[in-house]
There are 2 protein chains.
Amino acid sequence: MKKTLALILAITTASVIAQPASDSAMIRSIYDHALTRSKCYENLEYLSNTIGPRLSGSAQAERAVIYSKKLMEEYGFDRVFLQEVMVPHWVRGAKEEAYFISANKKETVQICALGGSVATPAKGIKAPVIEVKSQEELEKLGKEAVAGKIVFFNRPMDPRFIETFNAYSGAVDQRSRGAIWAAKMGAVGVIVRSMSLKIHRAPHTGAMRYEDGVTKIPAAAISTYDADLLSAQLKKRTVTEFWFKQSCQTLPDVLSYNVIGEIKGSEFPDEIIVVGGHLDSWDLGTGAHDDGAGCVQSVEVLRTFKELGIKPRHTLRAVLFMNEENGLKGGLKYAELAKENGEKHLAAIETDAGGFSPRGFGIEAEQRIVSKIQGWRSLLEPYGLNDIRAGWSGADIGPLKPQGPALIGFMPDSQRYFDVHHAATDTFDAINKRELELGAASMAALVYLIDTYGL
Amino acid sequence: MKKTLALILAITTASVIAQPASDSAMIRSIYDHALTRSKCYENLEYLSNTIGPRLSGSAQAERAVIYSKKLMEEYGFDRVFLQEVMVPHWVRGAKEEAYFISANKKETVQICALGGSVATPAKGIKAPVIEVKSQEELEKLGKEAVAGKIVFFNRPMDPRFIETFNAYSGAVDQRSRGAIWAAKMGAVGVIVRSMSLKIHRAPHTGAMRYEDGVTKIPAAAISTYDADLLSAQLKKRTVTEFWFKQSCQTLPDVLSYNVIGEIKGSEFPDEIIVVGGHLDSWDLGTGAHDDGAGCVQSVEVLRTFKELGIKPRHTLRAVLFMNEENGLKGGLKYAELAKENGEKHLAAIETDAGGFSPRGFGIEAEQRIVSKIQGWRSLLEPYGLNDIRAGWSGADIGPLKPQGPALIGFMPDSQRYFDVHHAATDTFDAINKRELELGAASMAALVYLIDTYGL
């Protein structure tokens with residue numbers, strides 16, 4: 001009888017420790033908080049509309065550092081600090097101009113310089129234009145056909161992918177490496193179809209690279225609408241010339257900062273769970289989805305713990321990385337300092353796929369950890385987090401990989417992301433308040449589970 | 001040995017019939033079609049921007065009937081026909097006006113008449129206003145407190161629901177029955193907080209009812225922004241009067257139509273699978289999400305079968321119901337005629353939750369059928385259809401229920417729906433092309449599976 005009672009007590013105690021009912025109640029309260037008392041929408045409005053675009057090295061990026069540090073201090077996090085990091089300082093200059101001549105008619109088109117590109121001469125570059133879909137197709141043309149021309153890379157993102165990030169991955173080599181390929185063949189400039197599935201007139205910028213020993217030629221993105229227009233005219237063989245002008249330049253590196261807020265862990269203060277996004281953005285829109293959303297959501301995760309009085313066992317950090325877009329210097333610096341300081345990271349969650357309706361998480365970790373997180377499915381599915389799988393995490397947390405934490409990427413619905421990504425359309429009015437809030441709650445719920453059960 | 005061989009053959013044959021590999025290939029081709037060659041986006045642009053809002057009985061509703069019949073004829077469906085149905089003809093009249101007086105200051109607010117409401121007198125109604133959250137709270141006030149006043153129903157949709165339709169269900173009684181409750185207490189008018197989770201200045205209309213023997217008092221929706229403003233002023237006890245004016249009226253019923261396109265079944269021509277939405281809309285926006293999206297998606301489902309050369313075993317019908325918004329006359333007529341004609345419906349799928357990113361299906365049917373559809377999960381999950389469950393289907397197909405078909409509701413992501421629902425914000429620019437196309441493909445895939453395996 002006593003033994004049975006002891007057994008019953010043991011079972012009861014075990015279930016108290018495992019607390020499945022209280023987990024679901026706690027997650028419910030995290031979502032209630034997000035949907036009724038979250039500050040992330042108003043914080044994103046400030047970041048997007050009052051501060052504006054936050055290209056690395058810009059005055060607005062600097063303001064965003066000061067603002068987000070102050071914000072986390074006001075929220076009473078245990079520790080708020082900056083990490084110094086030198087970042088590239090590329091500036092766009094005057095608005096770019098472009099046209100082509102077809103059947104003696106001038107067609108103005110919408111372009112923007114790619115991030116990192118050199119300028120054209122002040123009078124622009126005028127040259128015949130040839131369209132290709134890939135590096136291979138370009139090289140087959142031979143140097144003689146390409147020399148002295150502008151190369152127009154026009155392989156669209158493949159709309160058949162259900163997840164638009166896969167379509168992006170399949171096309172972005174043209175943007176990142178097109179100028180290298182073309183310069184090696186003697187081209188004088190590069191025009192790349194914008195990385196977007198939407199046919200519209202907004203060009204989408206993004207990082208491009210040069211290669212040592214290869215001539216640096218100017219590179220620009222053309223809007224999808226204008227790419228289709230140019231391509232149709234090229235098929236008619238009526239296009240004689242393409243002209244474009246841009247005055248971008250790379251200035252000396254600038255001192256900037258990662259901004260970090262922390263709540264100390266009660267049991268394992270030396271084991272860190274990171275949730276982060278990147279504070280820098282491109283300059284055409286106001287970086288609302290990419291990645292203002294991720295920044296305010298990350299801050300909100302820690303604020304949620306404070307507001308609900310949840311004392312985490314591990315140390316929680318919101319990390320707002322600087323310079324994801326054109327250098328990744330903040331992510332690299334964060335990992336470098338973590339190693340230098342002997343920090344142990346249990347997990348790092350990145351939110352850099354837009355402030356859209358939550359779908360799930362991608363996990364870069366050993367299968368045991370993927371399975372463990374999938375084991376929490378019944379707690380997460382009521383909130384639309386149906387898709388938990390091994391997969392991509394995020395660029396900023398990538399450099400932490402050798403140090404062994406589970407790397408996790410928050411996955412919102414991807415359908416609308418490339419309508420706004422790196423373009424003038426990435427503004428606060430493209431944000432839905434509830435979708436943004438649900439994203440913050442999704443990460444807070446996952447952080448809560450990782451903190452409670454470890455990995 | 002012979003027996004074993006026979007068994008092996010039987011298993012092989014069974015697996016050929018079940019065709020799991022070809023199912024996944026067929027579904028893949030349905031999605032490829034949707035994302036590369038679908039017409040639903042351009043059709044919706046026409047329906048929304050060229051035809052415009054399609055309130056039952058209006059000239060635009062009539063144009064939409066003609067247009068969609070012609071469209072399905074052009075697509076070469078086996079049979080395209082109309083079903084006559086008499087529908088209510090309510091008209092809004094001049095734009096409504098409203099203000100309240102607080103501390104001797106006039107505050108203009110945004111309102112719109114609720115569908116079916118009577119007009120105010122030409123000079124409007126001016127009266128003291130009292131705020132309540134529910135019928136119960138109103139009745140507790142007592143007739144003396146309510147008589148001669150305008151009742152302001154201001155219970156917000158509860159933002160804590162993850163699915164916004166649940167928040168809608170929990171608040172919409174104020175809109176549909178508020179005028180009855182208030183009139184019974186002697187009120188002279190009703191102002192209802194708009195059914196929206198977004199705080200903005202666009203009022204959201206929708207159907208309201210009167211009750212025989214109860215005075216018909218004018219009823220309007222006030223924007224959520226203005227509802228909060230009025231409520232705050234009422235708390236300060238500075239509001240002296242509310243005035244509003246509307247000139248809506250109900251004209252005699254009008255002859256209108258359900259529009260139906262059909263592909264005849266090769267094996268079971270007398271067993272019908274319906275996919276449908278409603279062609280009518282409210283008049284403030286252009287009915288893009290509600291429910292132009294559902295109409296063009298339903299047509300696209302049949303067009304997909306035609307384009308891919310899939311010959312359905314059962315008869316497929318795209319049904320564009322008339323008058324879902326303020327009468328359900330089309331849905332009722334469809335079921336009535338189905339019964340009269342001895343038609344057998346295997347399944348009916350409704351799409352009336354907006355053209356957003358697909359999430360799954362709700363199923364109103366016996367558990368055996370729910371389980372059977374859930375058994376197709378592995379074929380549907382790669383396309384984001386993770387949520388397949390017993391649940392709500394749709395209003396238009398509801399009247400078919402006694403005839404026994406499985407009733408299924410397509411469920412897209414619900415976060416943005418009540419930003420646009422019944423408001424001036426429900427326009428074509430709120431549509432994302434890919435989300436719309438994925439919805440059409442989701443239903444085509446489900447129709448394909450039901451047609452292949454029965455229910």
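This is a predicted model: local features need pLDDT of at least 70, side-chain atom pairs count only at pLDDT 80 or more; totals for chains, interfaces and linings use all residues.
You can find B:Glu340 in helix 11 of chain B, which covers residues 329-340. If you want a distance to check, B:Glu340 and B:Leu82 are 258 residues apart in sequence, while their C-alpha atoms are 16 Å apart in space.

A:Arg63 has 15 other C-beta atoms within 10 Å, so A:Arg63 is partly exposed. This arginine sits in helix 4 of chain A, residues 59-74. From A:Arg63 to A:Gly52 there are 11 residues in sequence and 9.5 Å in space, C-alpha to C-alpha.

Let us step back to the layout of chain A. Its domain assignment gives two pieces: domain 1, made of 23-89 + 252-453, and domain 2, made of 93-247. Taken over C-alpha atoms, the centres of these two domains of chain A are separated by 33 Å. Where they touch, domain 1 of chain A supplies 14 residues and domain 2 of chain A supplies 18 residues. On the side of domain 1 of chain A, the residues touching domain 2 of chain A are six nonpolar, six polar and two charged.

Helix 10 (residues 288-308) and helix 15 (residues 433-453) of chain A have axes that come within 9 Å and cross at roughly 50°. Because of that angle, helix 10 of chain A is oblique to helix 15 of chain A. The crossing of helix 10 of chain A past helix 15 of chain A is right-handed. Helix 10 of chain A brings A:Ala293, A:Gln297, A:Glu300, A:Val301 and A:Thr304 to the contact, and helix 15 of chain A answers with A:Leu436, A:Gly439, A:Ala440, A:Met443, A:Ala444 and A:Val447. By class, the residues in this contact of helix 10 with helix 15 of chain A are seven nonpolar, three polar and one charged. An α-helix has 3.6 residues a turn, so residues three or four places apart point the same way.

Now for helix 10 in chain B. How much of helix 10 of chain B is buried? Helix 10 of chain B is mostly covered, with 18 of its 21 residues buried. One of its neighbours is helix 3 of chain B (residues 40-51), whose axis comes within 9 Å of that of helix 10 of chain B and crosses at roughly 135°. This angle is why helix 3 of chain B counts as oblique to helix 10 of chain B. Helix 3 of chain B also passes helix 10 of chain B in a right-handed crossing. The residues making this contact include B:Cys40, B:Leu44 and B:Leu47 of helix 3 of chain B, and B:Ala288, B:Val296 and B:Glu300 of helix 10 of chain B. The contact of helix 3 with helix 10 of chain B divides into eight nonpolar, four polar and one charged residue.

Most residues other than glycine have a negative phi, and most peptide bonds are trans. Against that background, A:Asp290 and A:Asp291 are joined by a cis peptide bond, with omega about 0°, and A:Asp291 lies in helix 10 of chain A. In chain B, the peptide bond from B:Asp290 to B:Asp291 is cis with omega near 5°, and B:Asp291 belongs to helix 10 of chain B. Just after helix 10 of chain B comes B:Gly309, with a positive phi of about 70°.

A:Asn323 has a positive phi near 75° without being a glycine. A:Asn323 is in the loop between strand 13 (314-321) and helix 11 (329-340) of chain A, and A:Asn323 counts as buried because 29 C-beta neighbours lie inside 10 Å. B:Asn323, also not a glycine, has a positive phi of about 75°.

Finally, consider how the chains meet. The contact involves 20 residues of chain B and 20 residues of chain A. On the side of chain B, helix 2 (20-37) and helix 15 (433-453) of chain B are the elements giving two or more residues. Helix 2 of chain B gives the largest share, four residues.

Methods. Residues are numbered from 1 along each chain as its sequence is written. Chains are lettered from A and ligands numbered from 1 in the order in which they are written. Axes are lines fitted to C-alpha atoms, for helices over the stretch in contact, and angles run from 0 to 180 degrees between N-to-C directions. Angles under 35 degrees count as roughly parallel, over 145 as roughly antiparallel, 65 to 115 as roughly perpendicular and the rest as oblique. A crossing is left-handed if the near helix is turned anticlockwise from the far one by less than a right angle, and right-handed if clockwise. Two residues are in contact if their C-beta atoms, placed from the backbone, lie within 7 Å. Ala, Val, Leu, Ile, Met, Phe, Trp, Tyr, Cys and Pro count as nonpolar, Asp, Glu, Lys and Arg as charged, and the others, Gly among them, as polar. Domain bounds come from an automatic or database domain assignment. A residue is buried if 20 or more other C-beta atoms lie within 10 Å of its own, exposed if 12 or fewer, and partly exposed in between; C-beta atoms are placed from the backbone.
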